[in-house]
Amino acid sequence: MPRFFSSSRILGLVCIAAALLALTVWIPLDIETGLIEKVRRQTSIGDSLLPTLACGFVLIGGLFLLLPGNGWAQTLTGDNLRYLLLLIVILTVAFAAMRWLGPALVWAFTEEGVYRNLRDTPPWKYVGYVVGGTLLVSGLMVMVEGRVTLRSVIIGLVATLALIAIYDLPFDDLLLPPNGDV
């Protein structure tokens, strides 16, 4: 029977404490705007939205570490390295598609050929995000399940479309990643 204060549980408690401290002290004292700001009928994301979401994920991760049976592997094995390599490949391919698919398609299929001018117009602003996001979510599901299924692709697509509905549709001045950097 594992002892309660294993390394994963200690890490879980530290994550929970850090997230709660950030949510209750750092974010309210350091950031002046709220989660969502509405000024003169214009809705935009407040400066505290991203740190609040990040702290929420750290808090949830810390809570998962407190669950029984969540001990960490003490050694680095070949299986661990293969898992890590596959994770890096999936992330690289998904982020590359997200970053370069839109500009490549604009260059190939429009007379203008300059993505910067079209980065906030449909369908160009969505193509890289949808393909990259779907590859990311479904790729991670395939990695965990060990097989490619239509279900994982559909879940990846729906999750990506949900993120677009949450972050892009309500805000006129928001560019989905990586369009703000292109």
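Predicted model: local features only at pLDDT ≥ 70, side-chain atom pairs only at ≥ 80, totals over all residues.
Student: How are helix 1 and helix 2 oriented to each other, roughly parallel, roughly antiparallel, roughly perpendicular or oblique?
Tutor: Two packed helices are described by the angle between their axes and the distance between the axes. For helix 1 (residues 7–30) and helix 2, the axes come within 7 Å and cross at roughly 155 degrees. Angles over 145 degrees count as roughly antiparallel, and helix 1 and helix 2 are therefore roughly antiparallel.

Student: Is the crossing of helix 1 and helix 2 left-handed or right-handed, and how do the residues of their contact divide by class?
Tutor: Helix 1 passes helix 2 in a crossing that is left-handed. The residues of the contact of helix 1 with helix 2 divide into 17 nonpolar, 4 polar and 1 charged.

Student: What orientation do helix 3 and helix 5 have to each other?
Tutor: The axes of helix 3 (residues 78–109) and helix 5 (residues 124–145) come within 8 Å, and the crossing angle is roughly 165 degrees. Since angles over 145 degrees count as roughly antiparallel, that crossing makes helix 3, relative to helix 5, roughly antiparallel.

Student: What is the hand of the crossing of helix 3 and helix 5, and how many charged residues are in their contact?
Tutor: The crossing of helix 3 and helix 5 is right-handed. By class, the contact of helix 3 with helix 5 has 22 nonpolar and 5 polar residues, while the number of charged residues is given as none: no charged residues.

Student: How are helix 5 and helix 6 oriented to each other?
Tutor: The axes of helix 5 and helix 6 come within 8 Å and cross at roughly 135 degrees, in a crossing that is right-handed. An angle has to be over 145 degrees to count as roughly antiparallel, and 65 to 115 degrees to count as roughly perpendicular. Helix 5 and helix 6 are therefore oblique.

Student: Which residue in the turn of the hairpin has a positive phi?
Tutor: Strand 1 (residues 36–39) and strand 2 (residues 42–45) pair in the antiparallel sense over 4 bridges. Within this pairing, V39 has Q42 as its bridge partner, and K38 stands opposite T43. The two strands form a hairpin with 2 residues between them, and the turn residue with a positive phi, of about 50 degrees, is R40.

Student: Where does P123 lie, and what is the omega of the peptide bond from P122 to P123?
Tutor: Most residues other than glycine have a negative phi, and most peptide bonds are trans. P123 lies in the loop between helix 4 (115–118) and helix 5. The peptide bond from P122 to P123 is cis, with an omega near -5 degrees.

Student: Which helix gives the most to the lining of the largest pocket?
Tutor: The largest pocket has a volume of about 430 Å³, and its lining of 22 residues includes L50, Y129, L163, Y167 and P177, which lie nearest its centre. By class, these lining residues divide into 18 nonpolar, 3 polar and 1 charged. Helix 2 (49–66), helix 3, helix 5 and helix 6 (150–167) each supply at least two residues of the lining. The most, 6 residues, come from helix 2.

Student: Which residues of the largest cavity's lining are the closest to its centre?
Tutor: Rolling a probe the size of a water molecule over the atoms shows where empty space is left. A search of the whole structure finds 1 cavity of 30 Å³ or more, and the largest cavity has a volume of about 50 Å³. Helix 3 and helix 5 each supply at least two residues of the lining of the largest cavity, which has 8 nonpolar, 3 polar and 2 charged residues. Of the 13 residues that line the largest cavity, the closest to its centre are M98, Y115, G128, P178 and N179.

Conventions:
Residues numbered from 1 in each chain as written. Heavy atoms only, no water. Axes fitted to C-alpha atoms, helices over the stretch in contact; angles between N-to-C directions. Parallel < 35°, antiparallel > 145°, perpendicular 65-115°, else oblique. Left-handed = near helix turned anticlockwise from the far one by under 90°. Nonpolar A, V, L, I, M, F, W, Y, C, P; charged D, E, K, R; others polar. 1 Å grid on protein atoms, 1.4 Å probe; cavity = no way out; pocket = protein on both sides within 12 Å on 5 of 7 lines; lining within 4 Å. Points joined across faces, edges and corners; volume = space filled by probe spheres on them. Pairing = 2+ DSSP bridges.
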